[in-house]
Amino acid sequence: MLDFLNRAVTVDTYTLVVVAMLSGWAGVLTLHVLSRTLLALVFIPGFVLGALIMNYAFELAGIYPTPDRQTNVVIACTVGMIVALFVLLICLRVTAVMAGLRVQRHQFKRA
């Protein structure tokens, strides 16, 4: 965990720019698709975290899809954001189901 935090803080400028650009555009797309500003603002840190974690995982596992380092950073960040999107959507769905169950439990029963 400390190794990940150390590498996340000391990433190079190119990786930061790629993560910022991809997360920003993903946030804009999320805003247009979901039409909820707060949800887009919640999803953006998730996208950033997913991109950084997958970039770290690619380096740690030695996964290099292409010989070019910059292309590998873009691929790793994109895959990380896709995985983060799935995780965020699953969490969103689980919370919606749990909220529905809670509301259903507290509703008045008709006789």
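Analyst: A helix here is a DSSP run of H or I with at least four residues, a strand is a run of E with at least two, and both are numbered from the N terminus. This is a predicted model, where local features need pLDDT of at least 70 and side-chain atom pairs pLDDT 80 or more, while totals for chains, interfaces and linings use all residues. Residues are numbered from 1 along each chain as its sequence is written, and side-chain values use heavy atoms, leaving out hydrogens and water.

User: Okay, is Gly 46 buried or exposed?

Analyst: Gly 46 sits in helix H3. The scale goes like this: under 20% relative accessible area is buried, over 50% is exposed, and in between is partly exposed (1.4 Å probe, protein chains only). Gly 46 comes in at 18%, so it counts as buried.

User: Which residues does Gly 46 touch, skipping those up to four places away in sequence?

Analyst: Touching, or contact, means heavy atoms within 4.5 Å. Met 81 is 35 residues from Gly 46 in sequence, with the C-alpha atoms 8.0 Å apart. The residues Gly 46 touches are Ala 84 and Leu 88.

User: And what is the relative accessible area of Thr 15?

Analyst: Thr 15 belongs to helix H2. Beyond its neighbours within four places in sequence, Thr 15 contacts Asn 55, Arg 69 and Val 73. Thr 15 is buried, because its relative accessible area is 1%.

User: At what angle do H2 and H3 pack?

Analyst: H2 covers residues 13–34 and H3 covers 37–61. Among the residues that meet are Val 19 and Leu 31 from H2, and Phe 43 and Phe 47 from H3. Axes are lines fitted to C-alpha atoms, for helices over the stretch in contact, with angles from 0 to 180 degrees between N-to-C directions. The axes lie 8 Å apart, and the angle is about 145 degrees.

User: Which residue forms a salt bridge with Arg 69?

Analyst: A salt bridge needs a side-chain nitrogen of Lys or Arg within 4 Å of a carboxyl oxygen of Asp or Glu, and the count comes to 1. In this pair, the closest N and O atoms are 3.1 Å apart, and the partner of Arg 69 is Asp 12.

User: Where in the chain are those two?

Analyst: At 40% relative accessibility, Arg 69 counts as partly exposed, and Asp 12, at 29%, is partly exposed too. The pair links distant parts of the chain, 57 residues apart: Arg 69 is in helix H4, and Asp 12 is in the loop between helix H1 (2–9) and H2.
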